[in-house]
Number of protein chains: 2
Amino acid sequence: MKRTITEENLLDLLLHGTAQDLQDTIDTIHPADILDLLHKHKEHAQSILNRLPDDILADIVEEEDDEDKYELLKRFSDSKQRHILDEMSSDEITDLMGELEEDEQADILKKMDSEDQEDVRKLMSFDAESAGGIMTTEFIRIFAKNTVKDTLQFLQKNTDEETTYYLYVVDREDVLKGVVSLRDIVTSSFDTPIMDIVNPNVKTVLYSDDQEEVAHRFEKYGFILMPVVDEQQHMLGVIEFDDIIDVIQEENTEDIHHLGGVNKEERVDSSVRESFSSRIPWLIVNLFTAVLAAAVVNMFEATIAQAVALATVMPIVTGMGGNAGTQTLTIVVRGLSLGELTKENAVEILLKEIGVGILSGIVIGIVVAFGAMLMESNPIFGLVTGAAMFLNMILANLAGYFIPVILEKLHVDPALASGVFVTTVTDVMGFFMFLGLATLVLPYII
Amino acid sequence: MKRTITEENLLDLLLHGTAQDLQDTIDTIHPADILDLLHKHKEHAQSILNRLPDDILADIVEEEDDEDKYELLKRFSDSKQRHILDEMSSDEITDLMGELEEDEQADILKKMDSEDQEDVRKLMSFDAESAGGIMTTEFIRIFAKNTVKDTLQFLQKNTDEETTYYLYVVDREDVLKGVVSLRDIVTSSFDTPIMDIVNPNVKTVLYSDDQEEVAHRFEKYGFILMPVVDEQQHMLGVIEFDDIIDVIQEENTEDIHHLGGVNKEERVDSSVRESFSSRIPWLIVNLFTAVLAAAVVNMFEATIAQAVALATVMPIVTGMGGNAGTQTLTIVVRGLSLGELTKENAVEILLKEIGVGILSGIVIGIVVAFGAMLMESNPIFGLVTGAAMFLNMILANLAGYFIPVILEKLHVDPALASGVFVTTVTDVMGFFMFLGLATLVLPYII
């Protein structure tokens, strides 16, 4: 029986446990926890690493952030690195390679056997955000002639692969013919022919499918593993659910960052230089739209000079429009991401947004109108403010709906730049409608 | 061997296939696909449903959106409903119950056997956003005395549970003692004693843990299944990875919605009434801050009256500050959500944000200063604009950093309301600094 180990005495075990203790316990400890410990106790890291077997070291390297994997690997001798790389899965090595310079990549490649080299080169040739780019080439192929017992005995001899949840049945040309889940195998009697429990209706993804599309399929079907094939149904690899969780988080980060006007790659711990270059282009785009809006105000300087109170109220009209537009934009962008805004319900949702715009326009318009009227003791001033506010709220919701929908049609990420466009509309048109209306009735408000 | 079926002839099979065809094929088809078909061909839905066995019907009801599950269930006779409920997992029934009125809940409960009733009542007693609220009570308990072969034979007789990826070893008091993965079982020889492959160091979650915390643990460890225990390590249930994907999407939607100023529950296909009531409170909060900013402008009406160009330029100063603040806010909120902003790196990140603020302030400040100078042919006007812009950019990044961090400390969702606070700061202070500076040098700019 294996040993129970608490988090407190894990460090002790790793540093001072006997070889036997270590061997008895090491595979009951999650490599992520060992990695945490290495980060926390940097002074003991090397002595711990020296005591661990190759397969555990490979697991730990796999757990490490992609950009730090190489550094961790370089702590070992070349021959040790060879063994560790041999235990790592092809997709993890590909992720590691993606962070390296060309000479470092060559260094890694020459430490791998020719079969692994070929796998990694192939994976690197796929778009990193496609199914091919996130799959691994390690999976279990079986042929269809055996019984459950034969298959179990085959698995008992082939304990290397981690992706054992499903076994894939292929023909001699490696064309995918069916899938058997481990669950079906363990719940079928030993003499059941495998073909009786094979499901020939396998859900697959194409190597060129976008990772977001792949994530949607995983979500829909709740799979742990999906096979990746080419156009002729040749089995290329498999994608695991935990990589899908990473994809989902990556896509969400992308949406949130784009909505907030920063690059998708920026991280909270990016350097000043990285953050600055992630943000300054967006700020410059925003500056253009701000200048555009200012140009509109500039057109009406003569009006403002006669009724300075307009300058006080105008940021309310544009600001509230911007807020309402951002609300609609947020809902529409999220709806597009989750696949909940479709061709079928697009018109219905547009009408809903117009409805919400009218209702909010009435409520906020009336409040703003009263406020403006009281401030200036002038009902016409109130009326102009309220009318401009009402119109800008409706326009805001139209812009918040159409801009992301049109960007999506143009195959541009709807989260990207939508916000800038929406506030350009609400600022430019808000100023124009408010100051334009005011100019029309100027004699009554000065 | 099972039959291959294409998507095109699935409808034909479901409607016109012989009973034998149906039986041979039905368990190779994913219930999500059958549900899609039912939605697409509403006219055939009832005839298809009438031909399907209870366990497949249960799967289809589980696939249906929570709010539509009851309606689907009501299509069947009471006795058929009993059988379907009997095949459904306790967490799915709990999700269904969550959407129902009290009398409908009672109707469902009385159609369940007493053991299932107890399970569902128990699950309903947990906070819906805690580990207890998302777990299911169906999992496989084993006792520790058997061999691999005995266990396989036990599984062959107990094919009901879907959560077979891990088997949990418990003692007589149901205290969790260890876990065995299916993978370890199939890769161990038949005569291996189970205790040899049991991992006693099981990662668990407490029933009261927040679902976001649970999701972080799944992400960290890449688990398919995690056991939920009480304070005394009694086994209460398990959480599956596909429920975790739902949690992750829910938490992301919450962040995106809060950043965009809408309620977390709003959906793209919500009704006008639902959307309006999701958004109007946020708009009203924003209106208060807009009025606050307008009050600042109002203080300086005398200044503006003498230099109307200030009215043209002032929205640029506040707007750009708002954009920069939103950028920092976005990065900080996402960093908090992903657990990447920690106590250890908080100061470093604050300094980074100040650095970025200074750099962007210099760049945008100089551009704006030149523009303003050229517009008015007045270097002092340019200097005032540039200085206010520079200061507001730095202030923006400070606000974008501190506001979410402080909200997090107060255990308020940092995405919630952060945006309003940040733009309040950049608007109020932007107007104040710009118009205040302009007032100080007024003789030189008119």
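A: The model is a predicted one.

The domain assignment draws its own bounds: chain A is given domain 1 (5–122), domain 2 (139–240) and domain 3 (270–442). The centres of domain 1 and domain 2 of chain A, taken over C-alpha atoms, are separated by 28 Å.

The packing around this part may be considered next. The largest nonpolar core has 66 residues, and those touching the most other members are A:Tyr168, A:Ile239, B:Tyr168 and B:Ile239. Leaving aside residues up to four places away in sequence, A:Tyr168 touches, among others, A:Leu225, A:Met226, A:Pro227, A:Met235 and A:Val238. Its contacts also include A:Phe139, A:Ile140, A:Leu176 and A:Val179. There is also a second, separate core of 48 residues, which includes A:Val297, A:Val317, A:Phe434 and B:Phe434.

The two chains meet through 120 residues of chain A and 120 residues of chain B. Between them an area of about 10,200 Å² is buried, and carbon and sulfur atoms give 67% of it. A:Arg183, A:Val268 and A:Gln327 supply 7% of the area that chain A buries against chain B, more than any other three residues.

Two further places in chain A complete the setting. In helix 7 (residues 78–87) of chain A, the buried residues are A:Gln81, A:Ile84 and A:Leu85. They cover an arc of only 100° around the axis, and therefore lie on the same side of helix 7 of chain A. An α-helix has 3.6 residues a turn, so residues three or four places apart point the same way. Among the elements that cover the buried residues of helix 7 of chain A are helix 5 (54–63), helix 6 (66–73), helix 8 (90–97) and helix 9 (102–109) of chain A.

The other place is A:Leu329, which is found in helix 19 (residues 309–337) of chain A. A:Leu329 counts as buried because its relative accessibility is 2%, under the 20% cut-off. Not counting residues up to four places away in sequence, A:Leu329 touches A:Leu259, A:Gly400, A:Pro404, A:Ser418, A:Gly419 and A:Val422.

Note on methods:
Residues are numbered from 1 along each chain as its sequence is written. Chains are lettered from A and ligands numbered from 1 in the order in which they are written. This is a predicted model: local features need pLDDT of at least 70, side-chain atom pairs count only at pLDDT 80 or more; totals for chains, interfaces and linings use all residues. Side-chain values use heavy atoms; hydrogens and water are left out. Domain bounds come from an automatic or database domain assignment. Buried means under 20% relative accessible area, exposed over 50%, partly exposed in between (1.4 Å probe, protein chains only). Helices (H or I, at least four residues) and strands (E, at least two) are DSSP runs, numbered from the N terminus. The arc is that of the directions from the helix axis to the C-beta atoms. Contact means heavy atoms within 4.5 Å. A nonpolar core is a set of buried Ala, Val, Leu, Ile, Met, Phe, Trp, Tyr and Cys residues joined through side-chain atoms within 4.5 Å. Buried area is the accessible area (1.4 Å probe) that two parts lose on being put together, summed over both.
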